[in-house]
Amino acid sequence: MLRLLFELPPSVISFHLGLPSLEMIAALKEKGWCVLATATTVGEARAVEAAGIDVVVAQGWEAGGHRGVFNAKLDAQIGLLSLVPQIVDAVSIPVIAAGGIADGRGIAAALALGASGVQLGTAFLSTKESGASDAAKSRVSTAKDTDTVVSRAFSGRPARLLRNRVVDALLPLDEEFLEFPRMLEVTRRLQSRNGSETSLDFEFLLFGQSAGMRSAGSAPELLNNLVHETTEAVRDIVAEWTPSPSNADAIPVMGAECASDEIAGDRRF
Ligand SMILES: Cc1cc2nc3c(=O)[nH]c(=O)nc-3n(C[C@H](O)[C@H](O)[C@H](O)COP(=O)(O)O)c2cc1C
């Protein structure tokens with residue numbers, strides 16, 4: 001694996017599901033490459049920093065795909081809103097927020113929590129460039145907030161995926177699955193590859209809780225929209241929270257604009 005990386009030098013290398021050896025990290029850093037690793041708790045983030053990794057990806061419970069937990073049996077299931085500020089306070093390397101972010105409001109929130117950047121997976125699944133089948137692309141954009149679940153059914157390691165017939169049938173058996181990655185051999189045989197509507201009942205589709213927030217388009221369009229939405233979200237918050245010159249010392253009171261005719265229509269404090 002390390003040899004392959006040296007042959008195809010990427011500019012960024014990201015580790016998931018734990019850390020590689022210190023020797024491998026040193027070899028990658030010697031090449032000048034930027035090395036990232038995922039953490040799902042403050043303890044894992046501290047281990048990432050101690051290993052000499054450049055950037056930590058804080059993955060919240062909302063995220064689609066495999067949970068980045070170091071130990072598959074120990075998942076604290078921490079949501080992004082709690083995880084990011086605690087990791088930001090605990091480490092001195094940059095933190096990238098991942099999980100449940102699908103628009104500019106989510107990006108603005110992650111930046112407000114102290115993240116230096118964001119990582120989006122699910123939001124890109126329905127884009128033109130995504131390798132997902134047409135049926136899966138159409139399913140992701142109609143998914144509801146309650147449509148995903150974390151299970152070991154797909155690979156033997158916990159992953160957030162779409163609930164469907166096969167996942168629901170396997171959920172009660174969670175303790176009995178083969179260890180990662182042997183479970184993949186079993187599930188691969190279950191999956192239909194024809195992309196038809198009914199086959200989605202037997203596909204393991206890695207979606208996060210934000211599935212349904214975005215619909216088709218190209219990846220560059222999505223990126224442009226995300227930048228635009230983030231700018232708008234930040235601008236709206238700043239406008240809302242900037243004291244007007246007449247009452248710069250006023251203490252913000254929730255619902256004040258409803259209680260007072262005087263300031264109704266001017267939502268600034
Ligand atoms: C279909 C899919 C495949 C993924 N594959 C990987 C992967 O190979 N390596 C990795 O580090 N993270 C992978 N992830 C996780 C993302 O890096 C990221 O943590 C997650 O997508 C962020 O949450 P979101 O899906 O809510 O945006 C994958 C996510 C999805 C949805």
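Two strands count as paired if DSSP finds at least two bridges between them. Residue numbers start from 1 along each chain as its sequence is written. Local features need pLDDT of at least 70 and side-chain atom pairs count only at pLDDT 80 or more, while totals for chains, interfaces and linings use all residues, and side-chain values use heavy atoms, with hydrogens and water left out.

**Confidence**

- The mean pLDDT (the predictor's confidence in each residue, from 0 to 100) is 89 for the protein, and 88% of the residues reach 70 or more.
- Over residues 258-269 pLDDT stays under 50, and the model has 15 contacts beyond four places in sequence for this stretch; contact means heavy atoms within 4.5 Å.
- Where pLDDT is low, the predicted coordinates should not be read in detail.

**Sheet and the helices on it**

- Three bridges join strand 5 (residues 95-98) to strand 6 in the parallel sense, and Ile96 has Gly117 of strand 6 as its bridge partner.

**Burial and nonpolar cores**

- Of the 269 residues, 41% count as buried (under 20% relative accessible area; exposed is over 50% and partly exposed lies in between, with a 1.4 Å probe and protein chains only).
- The largest nonpolar core has 33 residues, among which Val56, Ile87 and Val91 touch the most other members; such a core is a set of buried Ala, Val, Leu, Ile, Met, Phe, Trp, Tyr and Cys residues joined through side-chain atoms within 4.5 Å.
- Helix 4 supplies the largest share of this core, five residues.
- Beyond its neighbours within four places in sequence, Val56 is in contact with residues including Ala37, Ala45, Val48, Ile87, Val91 and Ile96.
- A second, separate core has 11 residues, including Phe154, Leu170, Leu184 and Phe204.
- Of the contacts between residues at least 6 apart in sequence, 59% join residues at least 24 apart.

**Salt bridges**

- The whole structure holds 12 salt bridges, each a side-chain nitrogen of Lys or Arg within 4 Å of a carboxyl oxygen of Asp or Glu.
- Arg163 pairs with Asp168 in a salt bridge whose closest N and O atoms are 2.8 Å apart; Arg163 is partly exposed at 37% relative accessible area, and Asp168 is partly exposed at 34%.
- Glu185 and Arg188 form a salt bridge with the closest N and O atoms 3.2 Å apart. They are three residues apart in helix 8 (residues 182-190), which separates them by about one helical turn. Glu185 is partly exposed at 44%, as is Arg188 at 46%.
- In helix 9 (residues 219-241), Arg235 and Glu232 are likewise three residues apart, about one turn of the helix, and their salt bridge has its closest N and O atoms 3.0 Å apart.
- Lys73, Arg152 and Glu179 are linked in a network of salt bridges.

**Backbone details in loops**

- Phe180 and Pro181 are joined by a cis peptide bond, with omega about 0°; Pro181 lies in the loop between helix 7 (165-170) and helix 8.
- Leu17, not a glycine, has a positive phi of about 70°; Leu17 sits in the loop between strand 1 and helix 2 (22-30) and is partly exposed at 23% relative accessibility.
- Gln77, also not a glycine, has a positive phi of about 55°; Gln77 is in the loop between strand 4 (65-66) and helix 4 and is partly exposed at 44%.

Conventions
Helix = DSSP H or I, 4+ residues; strand = E, 2+ residues; numbered from the N terminus.
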